[in-house]
Structure formats: C-alpha cells, structure tokens
Amino acid sequence: MAKAKQLEVLNALDVAKTQWYHFTAIIIAGMGFFTDAYDLFSISLVTKLLGRLYYTHPNPTHPGTLPINVSAAVNGVALCGTLAGQLFFGWLGDKLGRKKVYGLTLVMMVFSSLASGLSFGNTAKSVMTTLCFFRFWLGFGIGGDYPLSATIMSEYANKKTRGAFIAAVFAMQGVGILVSGVVSLIVSSGFEARFKPPTFEEDPAGSLTPEADYIWRVILMFGAFPAGATYYYRMQMPETARYTALVAQNAKLAAADMSKVLQTDIGADEDRLADIVKDKKQQFGLFSKEFARIYGLRLIGTTTTWFLLDIAFYSQNLFQKDIFTSIGWIPNASKMSAVREVYKVARAQTLIALCGTVPGYWFTVALIDVIGRWIIQLMGFLMMTIFMFAIAFPYSYWSQREHRIGFIVMYGLTFFFANFGPNATTFVVPAEVFPARLRSTCHGISAAAGKAGAIVGAFGFVYASQEKDPAKRDAGYPAGIGKKNSLIVLGVINFIGMLFTFLVPEAKGLSLEEAANENQEEEETNVVGNSANVSSV
C-alpha cells in the first residue's frame with residue numbers, strides 16, 4: 001500500500017529509543033490518573049460511614065444507612081461530571097492544544113478533591129449537597145484527564161513501546177485504588193486505637209464517636225496532594241509535536257520543541273507539512289460523511305466496548321463492599337463500630353486491588369506491545385465472562401462461610417482479567433486509531449461512552465442487586481433481581497463486549513499516522529480491511 005512521506009519530527013519520535021523523558025511523561029500523566037482513581041473509588045469506602053453519621057435515628061435499632069436516592073447520588077455524581085468533562089476537554093484539547101488544557105484539569109481535580117472534604121453546614125442535607133456538588137466538579141476535571149493524558153502519551157511515545165507507555169499511565173489507576181484502601185486502613189486504625197469505640201450491639205450511641213466525622217474527610221482529601229505535586233512539571237511539558245505540526249501547522253516550533261526533548265537536530269520540514277495540510281483527508285470534520293466512512297466503525301467499536309466494560313467494572317468496584325458483606329467476609333454492621341466498618345471495607349478492597357487489580361494492569365504494560373491490544377481485549381472479555389458465570393451460577397455455594405476464600409479468589413480473577421484486558425485496552429486504542437486533529441475528541445467520546453456505562457453500573461446495580469427477601473436487602477430499597485442474577489447479567493454484558501471487540505483495529509508496531517490511515521496516498525483511502533487489521537475501517 002502506498003504511503004506518503006512522514007514529517008521528520010514525527011519519524012524521530014517514532015524511532016526514538018526509550019529515554020528519560022518517556023518516563024517523566026508517564027509519571028506526570030500517571031499522577032493525574034492516580035488522583036482520578038483514588039477519588040472515584042475512595043467514595044465506596046466511606047459511604048457506609050456517611051450513612052451511620054448522618055442517617056442514624058435517635059435510639060436506633062440498627063445502624064443508619066444512606067437513603068436510596070442519596071446513595072445513588074453520592075456514588076454516581078462524580079461519574080456524571082467525568083462524562084461531561086471527557087466530552088468537553090476532549091474537544092477543547094483538539095481546539096486549543098493538549099498542554100493549554102492539561103493544567104486546568106489538574107487544578108480542578110486538586111481543588112475539588114480538597115473541597116469534597118468540607119461542608120457548608122452540619123445537617124445531613126447540607127453535607128450531602130456539598131459533597132455531591134464538589135464531587136461533580138471533581139469528576140469534570142477527572143474527565144478531562146482521560147483524553148488529554150492518553151493523547152499526550154501516545155503522541156510523545158515511540159511506535160515500538162507506545163502501547164506500554166499509554167498503559168503505564170493508565171496503570172496508575174490501579175495504584176490509586178490500592179492507595180485509597182491503604183490510606184483508609186491507616187486512618188481508621190488510628191482513630192480506632194485512639195477512641196476505642198464499642199460495637200453497635202454493645203452501645204449504639206458510643207459506636208459512633210463524633211470524631212469519626214473526620215475520617216471520611218481525611219480519606220477524600222488525601223488524593224489531592226500527589227497530583228498537586230506534579231503541577232509545575234505538567235506545565236513545563238512542551239506541546240506535543242503532532243498537535244503543533246499537524247493541527248497548529250507550525251512545523252518549525254514542533255521541530256524546535258522535540259529537538260530539545262530528544263537532544264538532537266530535527267529539520268522543520270515545512271514544505272512537506274504544506275503538502276499534508278492541503279490533503280483533503282486532513283480537512284474533514286467529525287460529523288462529515290468522510291469521517292463516518294473511514295472511522296465510523298472503529299468509533300463504534302471503541303465506544304461500545306468501553307461502555308459495556310465499564311458497566312461491569314464500576315459495578316464490581318463501587319459495590320464490592322455489599323457483595324463481601326453478603327458472603328460474610330465483612331461482618332454485619334451491628335457487630336462493628338462505625339470506625340471498624342471502614343477498616344473492614346478498606347481491607348477487602350485493598351486485598352482485591354493488591355492481588356487482582358494492580359497485577360492485571362502491569363501484565364498489560366508488559367505484554368501489550370508483544371501480543372497486541374486486540375488479543376488482550378478479546379481474551380480479557382472472555383475470561384471475565386467465564387469467571388463471572390463461575391461466581392454467579394453456584395452463588396449459594398460461594399455464599400457459605402467455608403467457601404468464601406474461593407469466592408474472593410474468583411472475584412479477584414475477574415478484576416485481574418478486566419485490567420489485563422479491556423479496562424486497559426479501551427483506554428489505549430482510541431488514542432492511536434484516529435487522526436491527530438480529532439484524536440483527543442474521539443478519545444473523549446469513547447471515554448464518555450465508558451462513563452455512561454459506569455453510570456448505568458453505579459445507579460443501576462445498587463437497585464438491581466437488592467435481594468427479593470426484605471430481610472436481606474438494605475433499608476428503603478425496593479426488591480431487585482438479587483446479587484446472583486445481577487452477576488449473571490454482568491457476565492452477559494462482558495460476552496457482548498467480546499463480540500464488539502471485532503470492530504476494534506490493531507495498532508501494535510505502527511506509527512500513529514499509519515494506525516489512523518493518515519499517511520496513505522489519497523487513492524488508497526477506499527480500502528476497507530478486516531476489523532483486526534489497523535488499516536481497516
């Protein structure tokens with residue numbers, strides 16, 4: 001297939017050896033994702049505490065719980081903000097440049113993370129309203145970090161190890177989930193050692209010490225500090241060469257910036273750039289027939305797979321505490337103090353993160369440029385389906401106390417193959433297979449589809465997972481289909497995700513221009529290959 005000559009600056013990036021600036025970019029972008037994951041998943045560690053603190057009635061017979069609408073809002077409002085932020089900042093990243101927008105998203109995340117631990121008033125309504133307000137804007141900033149971090153890393157990386165670099169940025173999500181659990185363990189242990197509260201059964205009032213109100217605030221606010229420490233370095237990063245050259249059309253500045261980064265002389269290649277920007281393929285927009293013809297199927301592939309994956313992934317993460325309670329790994333709330341309950345929930349999440357979640361991410365980093373994105377995603381969806389069904393169908397067996405270790409192993413394996421699978425690849429691929437002028441936008445659209453799935457999981461699963469037996473479901477919730485049937489549904493969703501993976505192209509070992517069909521000659525653009533080939537539509 002005929003190919004047009006590539007700009008010298010882009011070729012220099014593609015063939016560059018792995019250097020210190022690659023690792024610097026991973027750390028800078030990765031710390032943003034650390035905060036993303038920490039803030040999105042730490043809320044699940046403190047929702048039961050919030051219920052006890054603000055919804056325990058006088059002379060209680062059982063510990064307080066968040067009302068159904070408040071629980072849904074607290075768990076899901078950040079996801080709504082994230083969806084909006086992905087669309088807005090994804091579009092803005094293509095209009096103004098990746099770097100100009102990158103600092104703004106970090107400031108929003110740091111400020112909103114700190115503000116989430118504050119309250120305007122001390123009533124349940126004022127505290128929950130304040131929390132939800134700031135968590136929406138926290139999500140909005142987090143949303144911007146998705147397309148910008150992925151696009152920046154993809155445009156800085158060489159083509160040989162690009163997948164591993166983008167996946168390494170995303171792998172910081174696993175570290176964020178793990179650290180949220182560790183911080184919760186440390187904070188709750190410290191408060192328990194200091195105040196020694198009794199269980200609810202022993203003393204309902206004494207089990208809820210007033211000082212426990214600081215626990216959730218400290219946990220939520222902590223995530224701001226690691227990301228805030230990278231602000232200066234984020235602002236020192238030069239704009240990516242692909243944006244500067246192909247979108248801003250300034251080959252001279254792109255060459256100068258990358259000459260400093262790569263510490264070598266790079267020609268501006270301005271005549272070649274003039275030829276590229278005149279090409280009709282470099283001019284059509286997102287809502288054009290040309291885009292639909294060339295990139296339509298792959299956009300459907302990246303959006304649907306991310307949507308389906310996040311239904312299952314966020315359902316499992318946000319509500320794993322309820323599943324652990326149902327199998328007896330976390331004691332009944334009345335048998336613990338409020339502080340002890342935070343410790344138990346955090347311990348469960350930390351164990352799953354340590355044994356399943358974090359290793360899965362780094363398996364992807366190690367192997368994505370060896371076996372490819374497509375195979376990892378297909379395999380991940382398949383294994384998630386198998387393990388989900390293996391948990392769901394004999395659910396009564398796993399619910400028995402003597403089998404709970406086996407349940408934890410099976411449950412952890414679903415997380416392992418989510419992260420050594422579609423949770424990582426759905427982030428990587430959209431940053432590779434669309435043209436530079438629309439790359440951030442298309443990644444934002446794909447990520448927003450994922451967050452739409454997360455919202456379905458966060459809002460839907462809390463209702464669907466409720467048991468039909470009133471004695472086994474949370475107070476105030478209507479009967480759902482139960483945890484067993486909910487897990488079966490999630491298994492089916494994973495299987496459908498595997499089928500839609502056949503629309504996703506492979507980008508292993510190709511330059512971004514090759515992966516996005518940008519540097520083929522005009523007459524070759526009508527070729528449509530099979531969906532597993534990167535030159536496919």
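Me: Leaving aside its neighbours within four places in sequence, which residues is Asp310 in contact with?
Reply: This is a predicted model, in which local features need pLDDT of at least 70, side-chain atom pairs count only at pLDDT 80 or more, and totals for chains, interfaces and linings use all residues. Residues are numbered from 1 along each chain as its sequence is written, and side-chain values use heavy atoms, with hydrogens and water left out. Contact means heavy atoms within 4.5 Å. On that basis the partners of Asp310 are Ser315, Asn423, Gly450, Lys451, Gly453 and Ala454.

Me: Is Asp310 buried or exposed?
Reply: Asp310 sits in helix H13 (residues 289–318); helices (H or I, at least four residues) and strands (E, at least two) are DSSP runs, numbered from the N terminus. Buried means under 20% relative accessible area, exposed over 50%, and partly exposed in between (1.4 Å probe, protein chains only). At 1% relative accessibility, Asp310 is buried.

Me: How many residues of H20 are buried?
Reply: Helix H20 covers residues 439–464, which is 26 residues. From first C-alpha to last it reaches 36 Å, close to the 38 Å expected at 1.5 Å a residue, where the expected span is 1.5 Å times one less than the number of residues. H20 is largely enclosed by the rest of the structure, because the buried residues number 19 of the 26.

Me: Which residues is Asn494 in contact with, leaving aside its neighbours within four places in sequence?
Reply: Asn494 belongs to helix H21 (residues 482–500). Its relative accessible area is 0%, so Asn494 is buried. Its contacts are Ala312, Phe381, Met384, Thr385 and Met388.

Me: Is Lys17 buried or exposed?
Reply: Lys17 is found in the loop between helix H1 (8–15) and H2. Beyond its neighbours within four places in sequence, Lys17 is in contact with His22 and Asn158. With 69% relative accessibility, Lys17 is exposed.

Me: How is H2 oriented relative to H7?
Reply: The axes of H2 (residues 20–55) and H7 (residues 213–222) come within 9 Å and cross at roughly 170 degrees. Axes are lines fitted to C-alpha atoms, for helices over the stretch in contact, and angles run from 0 to 180 degrees between N-to-C directions. Angles under 35 degrees count as roughly parallel, over 145 as roughly antiparallel, 65 to 115 as roughly perpendicular and the rest as oblique. H2 and H7 are therefore roughly antiparallel.

Me: What is the orientation of H15 to H16?
Reply: Helix H15 (residues 338–371) and helix H16 (residues 373–392) have axes that come within 7 Å. Thr364, Leu367, Ile368, Asp369 and Ile371 of H15 meet Arg373, Ile375 and Ile376 of H16. The axes cross at roughly 120 degrees, which means that H15 to H16 is oblique.

Me: How many disulfides does the structure hold?
Reply: A disulfide is a pair of cysteine sulfur atoms within 2.5 Å. The closest cysteine sulfur to that of Cys80 is in Cys132, at 10.0 Å, too far for a bond. Cys80 is partly exposed at 29% relative accessibility, and Cys355 is exposed with a relative accessible area of 53%. The number of disulfides is zero.
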